[in-house]
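Hi there,

Here is the structure I promised to pass on to you.

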Amino acid sequence: LRVRILHAQRNFLFGEAVALSELLYSIEQQEQGTVLQGSLESSLCLLAESLFANREHRRLLKFLEKEPECLNRNPRLRYLAARAHLACDECVEGLKLLSLPASFEALSAETVQEYESLFALVRGELHERLQAQESASDCYKTALHYSPSCLTAIDRLLECKMLSAKEERDLVVSLPFPPEAEFF
């Protein structure tokens with residue numbers, strides 16, 4: 001069933017992916033009770049990704065409201081929930097969600113940096129939607145600190161003219177580019 005869900009997602013059959021993900025989650029929930037562990041939590045992630053890809057943002061948020069402990073444990077679910085809040089113009093709720101302490105247990109340092117960058121990027125987008133340009137700029141800079149190749153953060157900083165020419169130069173010089181990305 002998981003293979004069929006992933007196949008549907010790869011082929012942009014998001015409605016089918018949602019239906020199959022709901023079936024998988026329901027089956028695993030009945031087998032394991034209501035405790036979210038292991039494969040049950042991974043099926044919840046598949047369902048959340050399918051709902052998000054199918055643009056069922058409100059439904060995703062309603063579903064995740066029933067599983068608040070998962071948002072604390074799983075950074076992928078927290079990221080999807082924050083993006084869903086952004087899509088629904090619920091910026092304050094998205095910022096509240098991202099302000100909660102995140103649990104990055106059992107993740108590599110590189111993965112933690114990727115999530116920190118993603119969270120900062122979404123925070124920046126939420127602040128930008130709230131017309132808080134200075135806070136958005138700070139968040140985009142934080143995203144770049146964690147991931148210098150975060151093109152979206154660079155684009156938002158430059159496109160919205162959040163930096164002066166000197167600040168742009170200083171930012172580029174201060175970014176910790178890996179050796180393979182010297183061309184930046």
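This is a predicted model: local features need pLDDT of at least 70, side-chain atom pairs count only at pLDDT 80 or more; totals for chains, interfaces and linings use all residues.

**Overall fold**

The C-alpha trace spans about 60 × 35 × 30 Å along its principal axes. Of the 184 residues, 41% are buried. Among contacts with a separation of 6 or more, 53% are between residues 24 or more positions apart. The accessible surface comes to about 10,300 Å², and carbon and sulfur atoms account for 54% of that.

In soluble globular proteins, nonpolar side chains tend to be buried together. Here the largest nonpolar core has 30 residues, and Leu 60, Leu 64, Leu 77 and Leu 126 have the most contacts inside it. Which helices each supply at least two residues of this core? They are H2 (14-32), H3 (38-53), H4 (57-65), H5 (68-73), H6 (75-87), H7 (91-99) and H8 (109-129). H6 gives the largest share, with seven residues.

Leaving aside residues up to four places away in sequence, Leu 64 touches Leu 44, Leu 71, Leu 77 and Ala 81.

Leu 1, Leu 23 and Ile 27 make a nonpolar surface patch of about 220 Å². Leu 23 is in helix H2, and its relative accessibility of 41% makes it partly exposed.

**The cysteines**

How many disulfides does the structure hold? The count is zero. A disulfide is a covalent bond between the sulfur atoms of two cysteines. For Cys 45, the closest cysteine sulfur belongs to Cys 70 and is 7.7 Å away, which is too far for a bond. Cys 45 is buried, at 13% relative accessibility. Cys 91 is in no disulfide either, and the nearest cysteine sulfur, in Cys 88, is 10 Å from its own. Cys 91 is also buried, with a relative accessible area of 5%.

**Salt bridges**

Side chains of opposite charge can pair when their charged atoms come close. The structure holds eleven salt bridges, and I will take you through three of them.

- Glu 22 and Arg 59 meet through their side chains, at 1.8 Å from N to O. Glu 22 lies in helix H2 and Arg 59 in helix H4, so this pair ties together parts that are 37 residues apart in sequence. Glu 22 is partly exposed at 31% relative accessibility, and Arg 59 is partly exposed at 36%.

- Arg 129 and Asp 89 form a salt bridge at 2.3 Å, N to O. Arg 129 belongs to helix H8 and Asp 89 to the loop between H6 and H7, so parts that are 40 residues apart in sequence are tied together here. Arg 129 is partly exposed at 43% relative accessibility, whereas Asp 89 is exposed at 52%.

- Glu 128 pairs with Arg 156, and their closest N and O atoms are 2.2 Å apart. Glu 128 is in helix H8 and Arg 156 in helix H10 (residues 151-159), so this bridge ties together parts that are 28 residues apart in sequence. Are these two partners buried or exposed? Glu 128 counts as buried, at 12% relative accessibility, and Arg 156 is buried too, at 19%.

Some of these bridges share partners: Glu 22, Glu 56 and Arg 59 are joined into one network.

Notes. Residues are numbered from 1 along each chain as its sequence is written. Side-chain values use heavy atoms; hydrogens and water are left out. A nonpolar core is a set of buried Ala, Val, Leu, Ile, Met, Phe, Trp, Tyr and Cys residues joined through side-chain atoms within 4.5 Å. Buried means under 20% relative accessible area, exposed over 50%, partly exposed in between (1.4 Å probe, protein chains only). Helices (H or I, at least four residues) and strands (E, at least two) are DSSP runs, numbered from the N terminus. Contact means heavy atoms within 4.5 Å. Patches are made of residues with over 30% relative accessible area and no salt bridge: like charges are joined within 9 Å, nonpolar side chains (Val, Leu, Ile, Met, Phe, Trp, Tyr) within 5 Å. Accessible areas come from the Shrake-Rupley method with a 1.4 Å probe; for residues, only the protein chains shown count as cover. A salt bridge is a side-chain nitrogen of Lys or Arg within 4 Å of a carboxyl oxygen of Asp or Glu. A disulfide is a pair of cysteine sulfur atoms within 2.5 Å.
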